[in-house]
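Dear colleague,

Please find below the structure that I am handing over to you. My findings follow directly after it.

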Amino acid sequence: MSFGLVLEGGGGRGAYQIGACKAIKELGFEISMVAGTSVGALNGAMVVQGDIDLAYNVWHELKPEHVLRLEDGLYNKLLAGDHRPGTMRKLVRYVRKVLAEGGLDVTPLEKLVKSVLSEEKIRNSHIGFGIVTVDLTARRAVEIYKEEIPDGQLVDYVIASASFPAFKRTIIDGRTFIDGALYNNLPINLVSNRGFRNIIVLRTYGMGIKRRVNTEGLNIISISPSENLSSVMDFSNKSARRSLELGYYDACKVLEDYLRSASRQ
């Protein structure tokens, strides 16, 4: 049986999805279509190109400096709950600087993504792939499949899907793009529209708009966190490692129950 896979956006919570994908792979579920938004698009691309183990390692070793360029120590102080006047004054100055420069510098993330994603692998994969982003220049949502993306721009579109509003904008062909979560953070429709009825959905409960989808006739297998995940802006490997383990555990439980139920029918 062939399954579709949907990955919700959720920033630093994305590690949960890769833990779940590891379980999906080990349990032998055949994935033939993937759709994702924001970090779900980044993770989904790794699934499509067949590099779940590599994605697991990336998340396992993740550090904030792999994602953002921030002033020394400020990020860690805020995550640790340091709200002393001196720290907050420093934060205010930094926010003003970031706004003046057009958003947080995510050059490290772009470099990381481009080092692990392969347009050739994704295009040549038998697995279908769809993502969501928003074209600010044209003022329209973009729900797009890999075959519709111009050659040489596939990785750029994946990055555009994860262009969080606080980040510097992604520019493609002179057009400005922003995070797809502002339109559709859980793109089940991109999978169901391709004729898939058995769909595994990986939830993170990240911020974003979740559009209604007609689920009549769909077999939705939802895998969601059994415990609270960390902040969407927490990119520490401590949180990522916990989320990887939790995603693996939750997926094993849900999917093993599904297989037992299916075997009795």
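In this predicted model, ring pairs join Phe3, Phe29 and Tyr258 into a cluster. Rings of Phe, Tyr and Trp (its six-membered ring) pair if their centres lie within 6.5 Å; planes under 30 degrees apart count as stacked, over 60 as edge-to-face and the rest as tilted. By this rule the count comes to 5 aromatic pairs. For phenylalanine 3 and tyrosine 258, the ring centres are 6.1 Å apart and the planes stand at 80°, so this pair is edge-to-face. Phenylalanine 3 belongs to strand 1 (residues 2–7) and tyrosine 258 to helix 10 (residues 237–264), so the pair ties together parts that are 255 residues apart in sequence. Helices (H or I, at least four residues) and strands (E, at least two) are DSSP runs, numbered from the N terminus. Phenylalanine 3 counts as buried, at 4% relative accessibility; buried means under 20% relative accessible area, exposed over 50%, and partly exposed in between (1.4 Å probe, protein chains only).

Two conventions apply throughout. Residues are numbered from 1 along each chain as its sequence is written, and side-chain values use heavy atoms, with hydrogens and water left out. As this is a predicted model, local features need pLDDT of at least 70 and side-chain atom pairs count only at pLDDT 80 or more, while totals for chains, interfaces and linings use all residues.

Charges over rings also occur. A charge sits over a ring if NZ of Lys or CZ of Arg is within 6 Å of the ring centre and within 35 degrees of the ring normal. The charged end of arginine 194 lies over the ring of tyrosine 145, 3.5 Å from its centre, and that of lysine 22 lies over the ring of tyrosine 56, 5.7 Å from its centre.

For the chain as a whole, there are 10 helices and 8 strands, and buried residues make up 52% of the 265 residues. Of the contacts (heavy atoms within 4.5 Å) with a separation of 6 or more, 74% are between residues 24 or more positions apart.

Helix 2 (residues 39–48) is mostly covered, with 10 of its 10 residues buried. Its axis and that of helix 3 (residues 52–60) come within 7 Å and cross at roughly 140°. That makes helix 2 oblique to helix 3. Axes are lines fitted to C-alpha atoms, for helices over the stretch in contact, and angles run from 0 to 180 degrees between N-to-C directions. Angles under 35 degrees count as roughly parallel, over 145 as roughly antiparallel, 65 to 115 as roughly perpendicular and the rest as oblique. Val39, Asn43, Met46 and Val47 in helix 2 meet Ile52, Leu54, Ala55 and Trp59 in helix 3. Glycine 50, which follows helix 2, has a positive phi near 80°.

Alanine 162 is located in the loop between helix 8 (154–161) and strand 5 (170–172) and is buried, with a relative accessible area of 10%. Not counting residues up to four places away in sequence, alanine 162 touches Ser38, Val39, Leu42, Phe167 and Asp179.

Arginine 139 has a positive phi of about 55°; it is in the loop between strand 3 (128–135) and strand 4 (140–145) and is exposed, at 81% relative accessible area. Tyrosine 205 has a positive phi of about 60° and is partly exposed, at 45%.

With kind regards
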